[in-house]
Amino acid sequence: MSATAALPTVESIESALGGLAYKRRCEYASKLGKQFAEHADLPQLVAALLDHPAADVPESELEDGFTELLPPQQTTVSSHFHLDQCALWIISGAGALKFHDVLTLQVKSPSQMVKKLAVKLLVPVATDNHLFHLLKSSVQHTRTLLLENLTVTRRAALFDQYVDHLQTVRDGGVPLAATILHCCSSEGVKKYLDTYRSHAESVVSGGLSWPKLAHYHPSIVLECPAPP
């Protein structure tokens, strides 16, 4: 029935969301995703929910008299937030893998409104290579969200690759690598642990997490104990 039944329209969804609290909105959208997961037009509905007219370009007058034109934020307009959120919960119900490209666009978007949910949905279904390129190209806030979600998944091969890359980043690469070293494989930890210990000045305070290293790589830490 779900593959042939008529999809609700954006207008009917917006009307239904208007009378629901946050939790009920999430449940409603997720149920829609499950119900119409196999419907051929579901991607078009999700696209329509995420498609809003561009906001007016705001102007900000600078001290030197020039006017700075700030870029319009198409998906950060508060009146559209419930539709963006609904689209992502529909994706959650229908299966994130089918909407890999849509989630990637949301993760790359300057909008912060639904980015946390988009990252949470994308990480489990994206390849290591795809996530590696996102980590390399993302701004700090997005990169932090990606790393927080990846830490839970324990994808050691991806962390090995990313820590290798961070060695080539001049500003802040090594300190960041130190904070995620415990997520690497045993080979990755062995590769860089001595380096970080011998170049402590290049690692931010508290960068290396010895308790986490001891938890995930106890034999390595026993062989190379933390300094007193």
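## Overview

What percentage of the 228 residues in the chain is made up of buried residues? Buried residues account for 41% of them, where buried means under 20% relative accessible area, exposed means over 50% and partly exposed lies in between (1.4 Å probe, protein chains only). This is a predicted model, in which local features need pLDDT of at least 70 and side-chain atom pairs count only at pLDDT 80 or more, while totals for chains, interfaces and linings use all residues. Residues are numbered from 1 along each chain as its sequence is written, and side-chain values use heavy atoms, with hydrogens and water left out.

The chain has 13 helices and two strands; helices (H or I, at least four residues) and strands (E, at least two) are DSSP runs, numbered from the N terminus. Among contacts in the chain with a separation of 6 or more, 64% come from residues 24 or more positions apart. Contact here means heavy atoms within 4.5 Å.

Let's begin with α1, residues 10–18. Its buried residues are V10, I13 and L17. They cover an arc of only 65° around the axis, so they sit on the same side of α1; the arc is that of the directions from the helix axis to the C-beta atoms.

## How α1 meets α2

Two packed helices are described by the angle between their axes and the distance between the axes. Axes are lines fitted to C-alpha atoms, for helices over the stretch in contact, and angles run from 0 to 180 degrees between N-to-C directions. For α1 and α2, the angle is about 150° and the axes are 10 Å apart. That angle makes α1 roughly antiparallel to α2; angles under 35 degrees count as roughly parallel, over 145 as roughly antiparallel, 65 to 115 as roughly perpendicular and the rest as oblique.

The crossing of α1 and α2 is right-handed. A crossing is left-handed if the near helix is turned anticlockwise from the far one by less than a right angle, and right-handed if clockwise. On the α1 side the contact uses I13, A16 and L17, and on the α2 side R25, Y28 and L32. By class, these residues are five nonpolar, no polar and one charged. Ala, Val, Leu, Ile, Met, Phe, Trp, Tyr, Cys and Pro count as nonpolar, Asp, Glu, Lys and Arg as charged, and the others, Gly among them, as polar.

## How α2 meets α4

With α4, helix α2 packs at an angle of about 45°, and the axes are 7 Å apart. This makes α2 oblique to α4, and their crossing is right-handed. From α2, the residues in contact are Y22, R25, C26, A29, S30, L32, G33 and K34, and they meet H82, Q85, C86, W89, I90, G93 and A94 of α4. The contact of α2 with α4 contains eight nonpolar, five polar and two charged residues.

## Helix α3 and its partners

Which residues of helix α3 (residues 42–50) are buried? They are L42, L45, V46, L49 and L50. Seen down the axis of α3, they fall within an arc of 135°, so they line one face of the helix. Their packing partners are α1 (10–18), α2 (22–35), α4 (81–94) and α5 (100–108).

L50 of α3 counts as buried because its relative accessibility is 12%. L50 and V102 are 52 residues apart in sequence, while their C-alpha atoms are 9.5 Å apart in space.

In helix α7 (residues 128–137) sits S137, which counts as exposed at 53% relative accessibility. S137 and K108 are 29 residues apart in sequence and 8.8 Å apart in space, C-alpha to C-alpha.

Further along, α8 and α9 pack at an angle of about 145° with their axes 11 Å apart, in a left-handed crossing. R143, L147, L150 and T151 of α8 make this contact with L158, F159 and Y162 of α9. The contact of α8 with α9 has five nonpolar, one polar and one charged residues.

R154 lies in the loop between α8 (140–153) and α9 (156–166). R154 has a positive phi of about 55°, although it is not a glycine, and it counts as partly exposed at 32% relative accessibility.
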